Amino acid sequence: MMERKREMGIAHFARRIKQPRGIWVKMTFIVVLGICFVFFWSFLSSSASSFNVQRESFDDIAEPVSSRTKSAHEVSESSKLHERGEVESGSKSKEGKKVGGGFIHKHETKKKKEHIVSHPHKKKDVPKPVVEEVVVKEDQEHEEAESDNSDQFNKEDGEEGTESDGNEGESDGNGDDSSVSVDEEVEEKNEEVTVTEISKKRKRKGPVFDPKAEYSWRLCNTRSKHNYMPCIDNDGLIGRLQSYRHRERSCPKKPVMCLVPLPHDGYDPPISWPESKSKILYKNVAHPKLAAYIKKHNWVNETGEYLTFPQNQTAFNGNVLQYLEFIQEMVPDIEWGKNVRIVLDIGCSDSSFVAALLDKDVLTVSLGLKDDLVDLAQVTLERGFPTLVSSLASRRLPFPSGVFDTIHCAACRIHWHSHGGKHLLEMNRILRPNGYFILSSNNDKIEDDEAMTALIASICWNILAHKTEEASEMGVRIYQKPESNDIYELRRKINPPLCEDNENPDAAWYVPMKTCIHEIPSAIEQHGAEWPEEWPKRLETYPEWLTSKEKAIEDTNHWNAMVNKSYLTGLGIDWLQIRNVMDMTAIYGGFAASLVKQNVWVMNVVPVHSPDTLPFIYERGLLGIYHDWCESFGTYPRSYDLLHADHLFSRLKNRCKQPASIVVEMDRLTRPGGWVVVRDKVEILEPLEEILRSLHWEIRMTYAQDKEGMLCAQKTLWRP
């Protein structure tokens, strides 16, 4: 009886489908099948798997090639040998013998306590790379300081700290997001502080990298393809169906273990500095929407295989040098390159402003907003200018408080007065007391103008000048932040209010923006209480508020000696081809300070688990950012010519789920033909070298003394 009813039910359903309205049932059924297919297809797109193999020793260091730097084309020839099987990743050399904590080659005498693997064609009088003898002691001091300073960052840096849902909603890039779940997110993470602090005390034993691991690589299959930024591009299910840019930084749940492909038309070595200021290779930054953008703007032109940038031309009418002179005439205290050294430029629509300031000895970092789908930030990086990619929505920017001399916004289309003025209050947080905020626009609306005026008055900024530059027809306004808290007491309406005393203005990693005003430092032991010395004197000035002045001086002297004796002459790096440099573990900025006379700029990264020395780096007239290396960095692939990592991996031993993903990130950040220089413990350099070989990097030099070592490697054009 039941079977007959079931058969009748099926027959009845079939008759309903044949009816005209049955077409809707069919369509619904097809849509459900399609969604299920997309879901399972996204689920099956997993990371590259890894297999185990035994690694016996540190004796397989290849004989280095010529000390002369290879171009990316020459490097690619070597990578082709890898593909033909003539040079295999993970191959073992029997030419070396292990001696103590280091290693020597057969042509070295066994009596030597230290050695260097030198380049065959290098002169004998080339100085050896220096490995500091007390580096272990410094590392211990650094770890002790970490335990005292790690609580300044609101995002807990335990194992679960790198996870996110990866499916956040989207916004228009101007911070017009709906309700803010960021506060709840931070509160949830803060609840885990106690548990994570306990786990920190119980440090895991064992190596950073699995010495038995062997890696097989695949290309990332992402929507953004060769421009993939893991914590910015939404590659989850929602990202594939809708927009591919997160409204906030949101990293994949699993560490990225795939390699970003090269551009469709290949990749050539970038134009060297300073020629790159005026032209770059188009195919290196190719983007579907870039071609249409070029046709509408006169500050960038397509000339054959190059993108060219007319001298002094701006995105708006007029000459950029006249624009800078106009600003300084309005406010003479703005002495470009002396009183004003560090500038933040909101948006990357026109990098000519950055180029013109660089000629005046002003170091400007461009903030590329993530809603820019033309990828102009990549163009700025290719030209050799400091650039970051971030959002300006509901979280603080990864900078400390009171560090920028000037903030510039020209036609950046940000509604500063919206959402309680939180974006302008964020500018107030990172702007130095007495610092300048320059706002240029040519299409102000009366309503916006009135709202902006009211907001400026409520935060007590002083308007120094408001004029229209005739050539560009841009209305330029220059505001100045107060130098003391006295003026806040004179406000009629206490809105926005002053921030609570327990609100750390320097906490910036995954911290929501606050609609309050931070008090201006007044005590001599607080950074930002006084304007720094004029450039370049400020580079070697150690302010009174710096508690570890002696260590900062030692750090400066140490890196001056290291760079002059080793890095510039003993590693085989052609520094004429180096422009974009990153110090992945900057402490006092000594490495960047030692390179200030070279034609390079250095992005100083202060890890979030380290002591907060970033305010001092800015005080010296250098650039920097907070970052957690368990996550991907906010920039495009192939952004840097050289990465420097001083004991990065040994300090991340108990933090990251899969430290090998940091090596993958280094591969993503580095241009083909670019370099990495790693200083760390020999037990870490052994498997690190193996991972780099599996990525077909060329090991140019290795050096070890006791338990410390140095590794210098160059990236090739190889992709799986």
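Okay, let's start with two residues: Trp 461 is buried, and Tyr 479 is buried as well. Keep in mind that we're looking at a predicted model.

So what do those two rings do together? Trp 461 and Tyr 479 make an aromatic pair, with 6.3 Å from centre to centre and 40° between the planes, and that counts as tilted. If you're new to this, a pair of aromatic rings is described by the distance of the centres and the angle of the planes. Now, where do the two partners sit? Trp 461 is in the loop between helix 13 (446-458) and strand 14 (462-469), while Tyr 479 is in strand 15 (residues 474-480). They're 18 residues apart, and the pair links distant parts of the chain.

Which other rings join them? Trp 416 and Phe 437 belong to one aromatic cluster with Trp 461 and Tyr 479. And across the structure there are 21 aromatic pairs.

Is strand 15 enclosed or open to the outside? Well, 7 of its 7 residues are buried, so strand 15 is largely enclosed by the rest of the structure. You can check that face by face. On one side you've got Met 474, Val 476, Ile 478 and Gln 480, on the other Gly 475, Arg 477 and Tyr 479, and all of them are buried.

Who are the neighbours of strand 15? Strand 13 (residues 431-441) pairs with it in the antiparallel sense over 6 bridges, and there Ile 438 stands opposite Ile 478. Strand 14 is antiparallel to strand 15 too, over 7 bridges, with Lys 467 opposite Val 476. Strands 14 and 15 make a hairpin with 4 residues between them, and in that hairpin Glu 473 takes a positive phi near 60°.

Now zoom out. How many strands are in the sheet? There are 7 strands, the sheet is open, and the order reads 11-10-9-12-13-15-14, with mixed pairing. Which strands stand at the edges? Those are strand 11 (387-390) and strand 14. Each has a single partner strand, so one side of each is left without a neighbour in the sheet. On average, neighbouring strands here are turned by 20° against each other, ignoring direction.

For a parallel example, look at strand 9 (residues 342-346) and strand 10 (residues 363-369), joined by 5 bridges. Val 343 stands opposite Thr 364 there.

What packs on this sheet? Helix 9 (residues 320-330) does, touching strand 12 (404-410), strand 13, strand 14 and strand 15, and its direction makes about 140° with that of strand 14. Helix 12 (residues 422-430) also packs on the sheet; this helix touches strand 9, strand 12 and strand 13, and makes about 140° with the direction of strand 13.

Trp 559 is buried, and so is Phe 591. Their ring centres are 5.6 Å apart and the planes are at 80°; anything over 60 counts as edge-to-face, so that's what this pair is. Trp 559 is in helix 14 (residues 549-567) and Phe 591 in helix 15 (residues 590-594), 32 residues apart.

And what sits over a ring? The charged end of Arg 383 is over the ring of Phe 309, 3.8 Å from its centre. Arg 579 lies over the face of Trp 273, at 3.5 Å from the ring centre.

Methods. Residues are numbered from 1 along each chain as its sequence is written. This is a predicted model: local features need pLDDT of at least 70, side-chain atom pairs count only at pLDDT 80 or more; totals for chains, interfaces and linings use all residues. Side-chain values use heavy atoms; hydrogens and water are left out. Rings of Phe, Tyr and Trp (its six-membered ring) pair if their centres lie within 6.5 Å; planes under 30 degrees apart count as stacked, over 60 as edge-to-face and the rest as tilted. Helices (H or I, at least four residues) and strands (E, at least two) are DSSP runs, numbered from the N terminus. Buried means under 20% relative accessible area, exposed over 50%, partly exposed in between (1.4 Å probe, protein chains only). A charge sits over a ring if NZ of Lys or CZ of Arg is within 6 Å of the ring centre and within 35 degrees of the ring normal. Two strands pair if DSSP finds at least two bridges between them. Axes are lines fitted to C-alpha atoms, for helices over the stretch in contact, and angles run from 0 to 180 degrees between N-to-C directions. Contact means heavy atoms within 4.5 Å.
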